[in-house]
Amino acid sequence: MQVPGQPTSRLLVMHSGRLKVSHESLNGQEQILRTVTDGDVVGERAFLTGHRPSDLVVALEDSRMCVFDHADLAALLGDYPDISQRMLRTLSDRLSSVERLLAAVTSSDVTARVAAYLLDLPGAYVDGAVDVELPMAKQEVARYLGTTPRR
């Protein structure tokens with residue numbers, strides 16, 4: 001688990017499992033920012049800015065990851081600059097995803113929010129249709145999208 005205000009920043013590189021990245025809003029409610037799965041990274045913002053982490057990261061299931069302390073990662077990036085390029089590509093993809101979600105959330109159409117969210121999830125083709133697994137419980141997805149689940 002990564003806790004807000006942690007004295008050192010760390011970069012987590014997921015190998016397997018699932019993490020939830022959230023933030024506590026001013027009114028004390030959990031605001032889910034995203035889920036992290038195989039191949040994703042967490043903590044790059046704190047690494048790049050030098051600020052302490054501000055998000056809470058919690059494992060949703062058994063997870064395996066590489067954990068890099070700030071100083072170790074800086075040395076690694078010096079030796080292997082292509083890692084930096086991949087990090088920038090990942091951040092660019094995440095920014096595009098957030099922009100799509102923001103556009104959907106600022107419209108009052110809940111269907112558009114759900115559609116934008118589902119389009120960003122990885123899926124597999126099964127019998128001519130796309131099969132998508134929700135990375136968190138339906139109630140948490142609804143909270144992430146700023147709506148409430150139907151029963």
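Start with the charged side chains: select Lys and Arg as positive, Asp and Glu as negative, leaving out His and the chain ends. The protein chain has 16 positive and 20 negative charges, and their mean positions lie 5 Å apart. Each charge is placed at NZ of Lys, CZ of Arg, CG of Asp or CD of Glu.

This is a predicted model, in which local features need pLDDT of at least 70 and side-chain atom pairs pLDDT 80 or more, while totals for chains, interfaces and linings use all residues. Residues are numbered from 1 along each chain as its sequence is written, and side-chain values use heavy atoms, without hydrogens and water.

Next, colour by secondary structure. The protein chain holds 5 helices and 8 strands (DSSP runs, numbered from the N terminus: H or I of at least four residues for helices, E of at least two for strands). Their order along the sequence is β-β-β-β-α-β-β-α-α-α-β-β-α.

Switch to the C-alpha trace, which spans about 50 × 45 × 30 Å along its principal axes.

Now select helix H4, residues 110-119. Its buried residues (under 20% relative accessible area; exposed is over 50%, partly exposed in between; 1.4 Å probe, protein chains only) are Arg113, Ala116 and Tyr117. Viewed down the axis of H4, these fall within an arc of 100°, so they line one face of the helix; the arc is taken from the directions from the helix axis to the C-beta atoms. Turn to the face away from the buried side to find Thr111 and Leu119, which are exposed.
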